[in-house]
Amino acid sequence: MKKIFLFTVLLFTVSISWSQRNQIIAYIDMEYILENVPEYLEAQNTLDEKVVKWRQKLDKEARFIEVLKTDLANEKAILTKDLIEEKEEEISLKQDELRRLESLYFGPKGDMFLLRKQLVKPIQDQVYNAIQSISARKKYDFVFDKSSELVMLYSNKKYDISDLVLGTIDRTRLVDEKTAKRKERNAPRELTDTQKETLAKKEASVAKSISEKKAKIEAAAERRKNLLKKRDEKRDLLRKKKEALKKKKEDAKKEQEKQENNN
């Protein structure tokens, strides 16, 4: 009844708008679109696999609790009151843990909800972006979802743009794949072990060559430094010899003049 009321209100609103100007209306079948999007099917398979594992774990815990209950029922007659209470408390704790796990997996904010949001939301965003792009291009005033809670009493196939939405998503996917491939081609490639070894050998050879050249340059500089030092030492020795010879001559001359003066 609520659905029919909402649809009636919507039709009334559209009728009023229609009286003002011609409205362009289209609709989609979201279930049909998602069933034909490969990413959605992959996401759904991933989610289904997780759900199966969670169900198996819950079933295992539930079977274990049933075994505890059966054992208690069979042994109750020979157990003391304290032991019975202890086993009943253990069963109660196990039941609480089972309910906690079930809520953790399938609760309103549980793992299933979060995983579905993580996997499906990007795909739904693709669909909504495609619808917005098409609506802007085709100038649609309203786009309804045939598979939603809103009841469509009649729909003309020519206003169904589901295949158009799928085509837009496919084109977007192709563009994204080409962009990813182009980035992959431009990205530096991972070297193989052989290439890494060859590169390492080349780098080692270059480093060795540079080291040898540097050593030769340093050795030549050291030889030049020693030669300059020896040259300076020879010059200094020669200068001292000249000064000593000059002094000797001057002393001899002074001695000769002294002798002449005495005579």
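This is a predicted model: local features need pLDDT of at least 70, side-chain atom pairs count only at pLDDT 80 or more; totals for chains, interfaces and linings use all residues.
A residue is called buried when its relative accessible area is under 20%, exposed when that area is over 50%, and partly exposed in between, using a 1.4 Å probe and protein chains only. Residues are numbered from 1 along each chain as its sequence is written, and side-chain values use heavy atoms, with hydrogens and water left out.

Rings of Phe, Tyr and Trp (for Trp, its six-membered ring) pair if their centres lie within 6.5 Å; planes under 30 degrees apart count as stacked, over 60 as edge-to-face and the rest as tilted. By this rule there are 4 aromatic pairs. One of them joins Trp54 and Phe106 edge-to-face, at 6.0 Å centre to centre with 80 degrees between the planes. This pair links distant parts of the chain, 52 residues apart: Trp54 belongs to helix α3 (residues 38-75) and Phe106 to helix α4 (residues 81-106). Helices here are DSSP runs (H or I, at least four residues), numbered from the N terminus. Trp54 is buried at 12% relative accessibility, while Phe106 is partly exposed at 21%.

Now turn to Phe142 and Phe144. Their ring centres are 6.1 Å apart and their planes at 0 degrees, so this pair is stacked. Phe142 is partly exposed at 23%, whereas Phe144 is buried at 17%.

Back at Phe106, ring pairs link Trp54, Tyr105 and Phe106 into a cluster.

Note on methods
Helices (H or I, at least four residues) and strands (E, at least two) are DSSP runs, numbered from the N terminus.
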